[in-house]
Amino acid sequence: MQRITNKNQVNALEARLRALLIRGLEGEASAYHTFLVELSAHLRAFFRKRLTRLPDEVEDLLQETLLAVHNQRHTYDIHQPLTAWVHAIAKYKLIDLLRRRARRDLLTDPLDDEMDILSSADSEAAEARRDLSKLLDQLPDGQRLPIVLTKLEGLSVSEAAQRTGMSASAVKVAVHRGLKALAALIRGHS
Amino acid sequence: MKTNDLVKLLATGEGSVDRHVIARRYTVALSVGVIAATLLMLGMLGVRADLAEAVRLPMFWVKLGFVASLAVASLLAVLRLSRPGQQLNGVRYALVTPLLIMFLLAAIVLINADPSQRLALLLGSTWTQCPLLIALLSGPAFIAILWAMQGLAPTRLRLAGTAAGLLAGAIGALVYCLHCPEMEAPFIASWYLLGMLIPAATGTLLGCRVLRW
C-alpha cells in the first residue's frame, strides 16, 4: 500500500515538474523559476543522501547541477521522462565531483600540517586586508566584468550582456563561476 | 552565491529554447563529414573506373547497404547518447544485425569456396590499404561529430565517443565504397569493419577527455 502511494506521489511530481519545465522552455520565466526552486529541493535531498561524508559539498554540487540543467535544457526531449533526464545529469555531476576529489586527494601533500605552521607568520594579517577590488583584479576579464556590472553597478543580466557582448547565459555562468572563484580566493587568504 | 540567487539569476530574462539544436548540430556535422570525405576521395583516390558496371551487381548494393545500415544505427545511438537519461535499448540490435548478416554471408562464401581460394577471398588485393583509407576518410566526420556532441550533454562519455567514432567510420566507408574495387563478402566483413572500428576505438579513448562538460 505504502509503495503504491509513493509511486503515485512520484508520478504526480514528475508530471508537475515536467509541465513547469515545458512551459519554461517555451519562455515562461515564472514557470521556469518555480521549476528550478522545486528541483533544487529534490536535488539537495538527493545529494545530501549520497554525500553524507562531504556535507559542505552539497550546496556547491547542487549549484553546479542547476547550472548544467539550465545550460543543457535544450537536450531535454519533451517525450522523455523528466526524472530520467534530471537523474542522469545529477549522477554525472556527482561522479564528476567524486572523481575530481579523488584526484586532488592523491595529489595533496600529506605533510600539510607542517606547512600550516610555516604559513601562520605575522605578515599574513596584513595580507588578509585585501579589499574587494584587489581580489576582483585576480579574476579573468570574462568573470570580472559580469560581476562588476551586475553586482556592483546593479545592471540587469541582459544589460550586462549587451555591454559585454556576451550572451545572457554566458553572463549568468560567468557571475556564478566568478563569485565561486572569489569565495575561493577569500578562503585562501584567511 | 546562495542557491536561491542562482535560481533567480538563471530564471530571469530567458526567451524560449530552440528545440532543434540537436538536429541542427548533427545536420551540420554530417554534411561537413560527407562533403569532406567525398572531396578527399575524389582528390586522392578517384572513383572506381567500372562504377557504371558495378552498380548493376547486387554485391555492390549489399556492401553499400551494410555500411549504410551501420551508419543509420550509429546515428541513432549518437542521438540518444547526446541526451542525458536516454537508453540505447533497441539501437543495440540495429547495430548488431547488419554485422551478423555480413558475417553470415562471409561464412557462406568461404565455406562454398575452393579451399585454395579462401585466403584470396579474404584478403582481396587491397587489404593493406582499405582499413587505413576508411579511417582517413572518416577523419573530418570524426572531428565534426565530436564537435556536435560537445555542445550537447552526453553522460556516458566513453560509449558516446565510441558511437561518434563508429558513425564517422561508417561515413568514411560509405564514401570509400565509390572507390573500392573489392566485392567479396569476406573482405567487407573483415577490412571494412576494421576500418570503421579504428575511429570507433579512437572515440572510446578520447570520449572521456573531449566530451566532458
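**The α3/α4 pair in chain A**

Reply: α3(A) goes past α4(A) in a right-handed crossing (the near helix is turned clockwise from the far one by less than a right angle). This is a predicted model, where local features need pLDDT of at least 70, side-chain atom pairs count only at pLDDT 80 or more, and totals for chains, interfaces and linings use all residues. Residues are numbered from 1 along each chain as its sequence is written, with chains lettered from A and ligands numbered from 1 in the order in which they are written.

Helices here are DSSP runs (H or I, at least four residues), numbered from the N terminus. The axes of α3 (residues 57–71) and α4 (residues 82–107) of chain A come within 10 Å and cross at roughly 130°; axes are lines fitted to C-alpha atoms over the stretch in contact, with angles from 0 to 180 degrees between N-to-C directions.

Who touches whom? On α3(A) the contact uses A:Glu57, A:Leu61, A:Glu64, A:Thr65, A:Ala68 and A:Val69, and on α4(A) it uses A:Val86, A:Ile89, A:Ala90, A:Lys93, A:Leu94 and A:Leu97 (contact means C-beta atoms, placed from the backbone, within 7 Å). By class, these residues are eight nonpolar, one polar and three charged (Ala, Val, Leu, Ile, Met, Phe, Trp, Tyr, Cys and Pro are nonpolar, Asp, Glu, Lys and Arg charged, the others, Gly among them, polar).

Now the neighbour: 35 residues of chain A are in contact with 24 residues of chain B. α3 and α4 are among the helices that each supply at least two residues to chain A's side.

Definitions and conventions:
Two residues are in contact if their C-beta atoms, placed from the backbone, lie within 7 Å.
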